[in-house]
Amino acid sequence: MENNKERRLTAKELKKMRIKATQSNPLYAVIALIIFWPYGLFNMWKNSVFNLVARILISIVLFILVSLLILSYIGANS
């Protein structure tokens with residue numbers, strides 16, 4: 001018997017590989033940040049899509065934007 005036989009991947013393993021490849025794609029991360037920013041932010045950090053400096057800067061910018069939106073909403077209702 002040969003030890004170097006390639007094993008076949010199951011459909012479940014292939015699906016996981018496709019999902020991981022999609023979530024690690026920078027374009028997917030940017031679209032997720034725009035459409036649903038909480039998930040996009042989580043995905044960006046979990047999959048290390050961008051380098052550390054970019055992740056920190058994006059997180060700070062999103063924090064500032066969300067803070068400004070909340071403050072402007074509170075100010076408009078006062």
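Reader: Quick one to start: is the crossing of H2 and H3 left-handed or right-handed?

Author: The crossing of H2 and H3 is left-handed. That word applies if the near helix is turned anticlockwise from the far one by less than a right angle, and right-handed is the clockwise case. This is a predicted model, where local features need pLDDT of at least 70 and side-chain atom pairs count only at pLDDT 80 or more, while totals for chains, interfaces and linings use all residues. Residues are numbered from 1 along each chain as its sequence is written, and side-chain values use heavy atoms, with hydrogens and water left out.

Reader: Ok, and at what angle do H2 and H3 pack?

Author: Helix H2 (residues 26-35) and helix H3 (residues 37-46) pack at about 150°, and their axes are 6 Å apart. Axes here are lines fitted to C-alpha atoms, for helices over the stretch in contact, and angles run from 0 to 180 degrees between N-to-C directions.

Reader: Which residues make the contact?

Author: From H2 there are Tyr 28, Ala 29, Ala 32, Leu 33 and Ile 35, and from H3 there are Trp 37, Tyr 39, Gly 40, Leu 41, Asn 43 and Met 44. Contact means heavy atoms within 4.5 Å. By class, the contact of H2 with H3 has nine nonpolar, two polar and no charged residues. Ala, Val, Leu, Ile, Met, Phe, Trp, Tyr, Cys and Pro count as nonpolar, Asp, Glu, Lys and Arg as charged, and the others, Gly among them, as polar.

Reader: Asn 43 then, buried or exposed?

Author: Asn 43, which lies in helix H3, is buried, with a relative accessible area of 2%. Buried means under 20% relative accessible area, exposed means over 50%, and partly exposed is in between (1.4 Å probe, protein chains only).

Reader: What does Asn 43 touch?

Author: Leaving out residues up to four places away in sequence, Asn 43 touches Gln 23, Tyr 28, Ala 29, Ser 48 and Val 49.

Reader: Where does Ser 48 lie?

Author: Ser 48 lies in the loop between H3 and helix H4 (52-77). Ser 48 has a positive phi of about 50°, although it is not a glycine. At 44% relative accessibility, Ser 48 counts as partly exposed.

Reader: And which residues does Arg 55 touch?

Author: Arg 55 touches Met 44, Trp 45, Ser 48 and Phe 50, again not counting residues up to four places away in sequence. Arg 55 lies in helix H4 and is buried, with a relative accessible area of 11%. The C-alpha atoms of Arg 55 and Leu 41 are separated by 8.6 Å, and the two are 14 residues apart along the chain.

Reader: What about Pro 38, where does that lie?

Author: Pro 38 lies in helix H3 and is partly exposed, with a relative accessible area of 35%.

Reader: How much of the protein is buried?

Author: Buried residues make up 17% of the 78 residues.

Notes. Helix = DSSP H or I, 4+ residues; strand = E, 2+ residues; numbered from the N terminus.
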